[in-house]
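Me: I am new to this one and would like to learn how to read it. Could you show it to me and take me through it step by step?

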Amino acid sequence: MDGTMVKKAKIRRAVNFIIEENIEAVQWPRECSACGGIPTIFDRIKMEKKFKNFGIIISELRNIPYCKPCFQKVIATKGLDKIVLTLALIFGIPLGLLLSYLMAKDPGTRIVCLGLLLVAGVGIAWVFFYLLIRFPVKSIFKNNFTEYIDAWLFEDEKADRTEGLSVMVSIPNKRFAEKFAVLNEVPPGGVK
Ligand SMILES: [Zn+2]
């Protein structure tokens, strides 16, 4: 087979990695992405998001390598994050409504942007529960949790200035991230 025929993922680097094309061709270092051990589990992240200009987009990042102990910690950490997010929504939405009620009473405020205040309420609640729950739990039981690779779709202005969709990938393990960059021939980082 001709090696030049193989599709390559097109990735650039800002704070995170940004996959512009060929997500299915992403290469992973052959080691656990959390601890560097021998990988035995290959995780996938399914992404689905509705965009005004593109409709519903579904994508998937495959073959993320973990060893078994780390993968169990990843599941636990994702569970913890879900609890924090759920609490942020339960308490943040009423907080946002309260904020908009308070601002509506202020005669100086003509237009109250409810959506923005709801987002602000959820954001404030998220930070609160992150500091109250996630941070201490993860610090105290640090052997049970580990940071994990995450990915999400976003509307992107690509390097060639065309609008499109890309996938943002955060790799918390710095050493693994450097190997990932080399393997996928990502140009040196820096904010675009
Ligand atoms: Zn591991």
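**Reading the model, feature by feature**

Me: Which residues of helix 1 are buried?

Reply: A residue is buried if 20 or more other C-beta atoms lie within 10 Å of its own, exposed if 12 or fewer, and partly exposed in between, with C-beta atoms placed from the backbone. In helix 1 the buried ones are C70, F71, K73, V74, V84, A88, G92, G96 and S100. The cover over them includes strand 3 (41-51), strand 4 and helix 2 (114-140). One caution: this is a predicted model, where local features need pLDDT of at least 70, side-chain atom pairs count only at pLDDT 80 or more, and totals for chains, interfaces and linings use all residues. Residues are numbered from 1 along each chain as its sequence is written.

Me: How many helices and strands does the protein chain have?

Reply: Helices (H or I, at least four residues) and strands (E, at least two) are DSSP runs, numbered from the N terminus. The protein chain has three helices and six strands, in the order β-β-β-β-α-α-β-β-α from the N terminus on. Its C-alpha trace spans about 70 × 45 × 30 Å along the principal axes.

Me: What span should helix 1 have, and where does helix 1 bend?

Reply: Helix 1 bends by about 30° at G92, and the proline P94 follows within four residues.

Me: Which residues have the most contacts inside the largest nonpolar core?

Reply: In soluble globular proteins, nonpolar side chains tend to be buried together. A nonpolar core is a set of buried Ala, Val, Leu, Ile, Met, Phe, Trp, Tyr and Cys residues joined through C-beta atoms within 7 Å. Here the largest has 22 residues, and I19, Y66, V169 and I171 have the most contacts inside it. Strand 2 (17-21), strand 4 (55-66), helix 1 (68-105), strand 6 (163-170) and helix 3 (174-183) each give two or more residues to this core.

Me: What is Y66 in contact with?

Reply: Two residues are in contact if their C-beta atoms, placed from the backbone, lie within 7 Å. Leaving aside neighbours within four places in sequence, Y66 is in contact with C32, S33, A34, P39, I41, D43, F71 and V74.

Me: In what order do the strands of the open sheet run?

Reply: Strands of a sheet pair through backbone hydrogen bonds, either parallel or antiparallel. Two strands pair if DSSP finds at least two bridges between them. The open sheet of four strands has the order 1-2-6-5, with antiparallel pairing. Strand 1 (10-13) and strand 5 (150-157) stand at the edges with a single partner strand each, so one side of each has no neighbour in the sheet. Strand 5 and strand 6 pair over eight bridges; D156 has G164 as its bridge partner, and E155 has L165. Strand 2 and strand 6 pair over three bridges, and I18 stands opposite M168 in strand 6.

Me: Where is N22, and is N22 buried or exposed?

Reply: Most residues other than glycine have a negative phi, and most peptide bonds are trans. N22, in the loop between strand 2 and strand 3, has a positive phi of about 55° although it is not a glycine. With 12 C-beta neighbours inside 10 Å, N22 counts as exposed.

Key: Bend = angle between axes of the 7 residues up to and from the residue.
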